[in-house]
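My notes follow in the order I looked things up.

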Amino acid sequence: MFERPDVGERAVLVHIDFTAHDGTEDPGEFRELVTSAGVEPVCTVTGSRKQPSPRFFVGEGKLEEIRDAVAANEADVVLFNHALSPRQERNIEHELKCRVLDRTGVILDIFAQRARTHEGKLQVELAQLEHMSTRLVRGWTHLERQKGGIGLRGPGETQLETDRRLLRERIKSIHKRLEKVRRQRNQGRRARERADIPTVSLVGYTNAGKSTLFNRITTSSVYAADQLFATLDPTLRRLELPDIGPVVMADTVGFIRHLPHKLVEAFRATLEETTQATLLLHIIDCHDPRRDENIEQVEEVLAEIGADEIPMLQVFNKIDLLENFTPRVERNEEGIPVRAWVSAVTGEGLDGLFDAIVERVAEDVVHHFVLLGPADGKLRALLHEAGSVLREEYRDSGDTVVEVRLQNRDWQQLLSRAGVNEKSIRLDGGHA
């Protein structure tokens, strides 16, 4: 579609530190991104400026240095660890005579390679098209005029206008298809809610070990690799927890620093598994030197998609890379598990993590001793039917003290079905 230089396998990377801007990108992480995209970084050009140049993003001296690096290393593409405007990309390509991509373009390319499901491919295509729509002028400058020749003269739209229209139509079509996928996903979610099945969703920075941990907990075989964005498509597995029953565990796409907003929008259907979860497991690479910054980035994205109010358990993964570290579960002042230290590779600490998950999901579980008289036979039968009776003790008066443990919602429903007032049967303070 574009008359632009082809992308090859050898890349010159460009990273500029701007003194007037906070939150610069990490050059090491960008190198990992490029490698994940299947491209060989042959050289990194670095520099510093007060602010970007409107025309070339970098100064003319730095542009000449990049040109020399491309020639010396026989590079096919120049990759910027920054967001470039369409005009800047066009100008730089014109000067360097080779393909230029910014950070967003690299991430989109990785997403295009990794998407496996129909939904994932649709979401990637949508993000690519919306990114491309702002860059059509760069690719079609030679076609801004109307076509001439016999049968083609007179009023009509230019080739550029035609392609803009085709892009708009394709984007509209993908939005409709994704809306259908979203409705189907909502139906499945509502069915789980009706069945009162909790959802535990794994979130975290890309390459934190989410899929490896997911495979360990659910004994499944989701693709896991030591690379950025190994997982794009959400994976759901059913799991049985003691005292809880069935739960659904969801593995989701990883987050990254300054994740392009269009990608967040495009993957909203996928991320809805996160926004509707009962509990979030925030998987953290405890060995990463930028661990705290990565935690902040994930929390920012969670706030952006409206999932920042959901109960969360932090899981510090990869303790096998730390020296003489013992797995443990940390609790807050109220005794609630808030942090678990584990290794998804070796399995260390997973028993403690499993217990912490059960405890957090069971926060809505009630544990009561109830006094049932001969007239409360219906409630007693319903409690046994639900499998929530731990033990019973019979009294000489004919009454029965029953110890029960179940979800609070189920408890209220059983009381309603039996027509029993909770205050008349509850034995506060335990076994009386």
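**Notebook: sheets and helix contacts**

For my own reference, two strands pair if DSSP finds at least two bridges between them. Helices (H or I, at least four residues) and strands (E, at least two) are DSSP runs, numbered from the N terminus.

Before going on, I noted that this is a predicted model, where local features need pLDDT of at least 70, side-chain atom pairs count only at pLDDT 80 or more, and totals for chains, interfaces and linings use all residues. Residues are numbered from 1 along each chain as its sequence is written, and side-chain values use heavy atoms, with hydrogens and water left out.

**The parallel sheet**

I then traced the whole sheet: it is open, has four strands in the order β2-β1-β3-β4, and pairs in parallel. From one strand to the next I read an average twist of 20°.

Helix α2 (residues 60-73) touches β1, β2 and β3, and its direction makes about 170° with that of β2. Contact here means heavy atoms within 4.5 Å. Angles run from 0 to 180 degrees between N-to-C directions, and axes are lines fitted to C-alpha atoms, for helices over the stretch in contact. Helix α3 (residues 86-96) lies across β3 and β4, at about 150° to β4.

**α2 against α3**

I checked how these two helices meet. The axes of α2 and α3 come within 10 Å and cross at roughly 55°. That makes α2 oblique to α3; angles under 35 degrees count as roughly parallel, over 145 as roughly antiparallel, 65 to 115 as roughly perpendicular and the rest as oblique.

Which residues touch? L63, I66 and R67 in α2 meet I92, E95 and L96 in α3. By class I get four nonpolar, no polar and two charged residues in this contact. (Ala, Val, Leu, Ile, Met, Phe, Trp, Tyr, Cys and Pro count as nonpolar, Asp, Glu, Lys and Arg as charged, and the others, Gly among them, as polar.)

R67 turned up again in a salt bridge with E64, at 2.4 Å from N to O. Both residues lie in α2, three residues apart, about one turn of the helix. The structure holds 13 salt bridges, each a side-chain nitrogen of Lys or Arg within 4 Å of a carboxyl oxygen of Asp or Glu.

**The antiparallel sheet**

I moved on to an open sheet of three strands, ordered β12-β14-β13 with antiparallel pairing. Its edge strands are β12 (365-372) and β13 (389-394), each pairing on one side only. Five bridges join β13 to β14 (residues 400-407), and E393 has V401 in β14 as its bridge partner. Helix α13 (residues 377-385) lies across β12, β13 and β14, at about 145° to β13.

**α8 against α12**

My last stop was helix α8 (residues 210-218) with helix α12 (residues 350-361): they pack at about 80°, their axes 12 Å apart. That makes α8 roughly perpendicular to α12. L213, R216 and I217 of α8 make the contact with L350, L353, F354 and I357 of α12.
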